[in-house]
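Please open the model in your viewer and keep the sequence panel beside it. The tour below goes from one selection to the next and says what is found at each stop.

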Amino acid sequence: MRIFEKSKKLNNVCYDIRGPVMDEANRMIAEGIEILKLNIGNPAPFGFQASNKLLEKMAENLSKTEGYSDSKGLLSAREAIVKYCKKKGIPGVTVEDVYTGNGVSELITISMQGLLNDGDEVLVPAPDYPLWTASVTLSGGTPVHYICDEEANWYPDIKDIKSKITDKTKGIVIINPNNPTGSLYPKELLEDIVEIARQNELIIFADEIYDRMVMDGLEHVSIASLAEDLLTVTFNGLSKSHLIAGYRCGWMCLSGDKSRAKGYIEGIKLLSSMRLCSNVPAQSIIEIALELEEDTKELLLPGGRIYEQREFIYNAINDIPGLSAVKPNAAFYIFPKIDTERFHIVDDERFVLDFLKDKKILLTHGGGFHWENPDHFRIVYLPEKPQLQMASDALADFMSYYTQR
């Protein structure tokens, strides 16, 4: 009998945020076991609600957005994105340089498929948001991971980046603010990365979906604002900052020197047209959304939910013997480190699976973010403090007896 296997193109592709451990969690849920899901940055299940103004605007526009839009998106949405780019200091963006998407995820894939040939290399951070590595791989390219240094606030290691550039390297991915670490990169570091890209004629791919989720009085600097002479592809959207992850509303914009990328841009246009257009009702609220930032900002200030939950989980993790964490400055993730010698841990996926089975709490292991050592895991700190207290108490208890020996 003929057997249908998965494509060989998927052999080196993983997405463990929704991977095997999630499969086990779903099996447990099917048996009636209640699971606390701290594995995915999805605000709605934890009581975060979008602004009523956004909901009302979408409802008002439903009858007007039943048909396809231009493949790049509604003109009003793209004009609003151009205005936002100017606010961020991103140079040379017109409405023709903006592409809306069903979330940034879709656009990451398009950006890689339009560029890469077999064997082309792209520099991707480790740890990374795993879709970047997956998209490079599925597009025939080779992801080359550069290290982000935990001892240096999880900033990219400039020396490591330089050491991994070859004549096959076409671009570098910068995730800032970073997922999974919550690190926010300073301007001086971004300037160093721009200079590397300049010297090696690389495209910069800037994932900035959390640029409006910054705490501690810090300011996000868009790397495209520092690279007027380089082609930069910047990704952003409303899923996190406006708490509408399910609406799937993202965009990418091309800035800087596009003169040597006419073929690449043709490829992006082709792929964009092939999927007809992105979610039109969601596009219809981009304009008003980018004028409504205050509701989310309040969550990030002292007394706001995200800020206070960050403070709680950071302190709770560092109070557990054998665990430590760098304080995140942005987003809503923390990436704790495990003393693997203390617990004899050799398999981080087994660690989170054992924790799930024992405590009914779902985390993501560090390997799911292409971190090579089995000594990290990610916590999403979106639940309110009573749930985080329960989760941290369970983790403290688990670590008091857990070992893989």
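At what angle do helix H14 and helix H15 pack, and how far apart are their axes? Select residues 348–359 for H14 and residues 385–399 for H15: in this predicted model, the two helices pack at an angle of about 115°, with their axes 11 Å apart. Because angles of 65 to 115 degrees count as roughly perpendicular, H14 and H15 are described as roughly perpendicular to each other. H14 passes H15 in a right-handed crossing.

Next, show the side chains where these helices meet. On the H14 side, select Phe351, Asp354, Phe355, Asp358 and Lys359, which meet Ala394, Leu395, Asp397, Phe398 and Met399 of H15. Coloured by residue class, the residues of this contact divide into six nonpolar and four charged, with no polar ones.

Now turn to the sheet. Eight strands form an open sheet of mixed pairing, and they can be followed in the order E2-E9-E8-E7-E6-E3-E4-E5. At its edges stand strand E2 (98–101) and strand E5 (155–156), each with a single partner strand, so one side of each is left without a neighbour in the sheet.

Within the sheet, select strand E8 (residues 232–237) together with strand E9 (residues 250–255), which pair in the antiparallel sense over six bridges.

Terms used: Residues numbered from 1 in each chain as written. Predicted model: local features only at pLDDT ≥ 70, side-chain atom pairs only at ≥ 80, totals over all residues. Heavy atoms only, no water. Axes fitted to C-alpha atoms, helices over the stretch in contact; angles between N-to-C directions. Helix = DSSP H or I, 4+ residues; strand = E, 2+ residues; numbered from the N terminus. Parallel < 35°, antiparallel > 145°, perpendicular 65-115°, else oblique. Left-handed = near helix turned anticlockwise from the far one by under 90°. Contact = heavy atoms within 4.5 Å. Nonpolar A, V, L, I, M, F, W, Y, C, P; charged D, E, K, R; others polar. Pairing = 2+ DSSP bridges.
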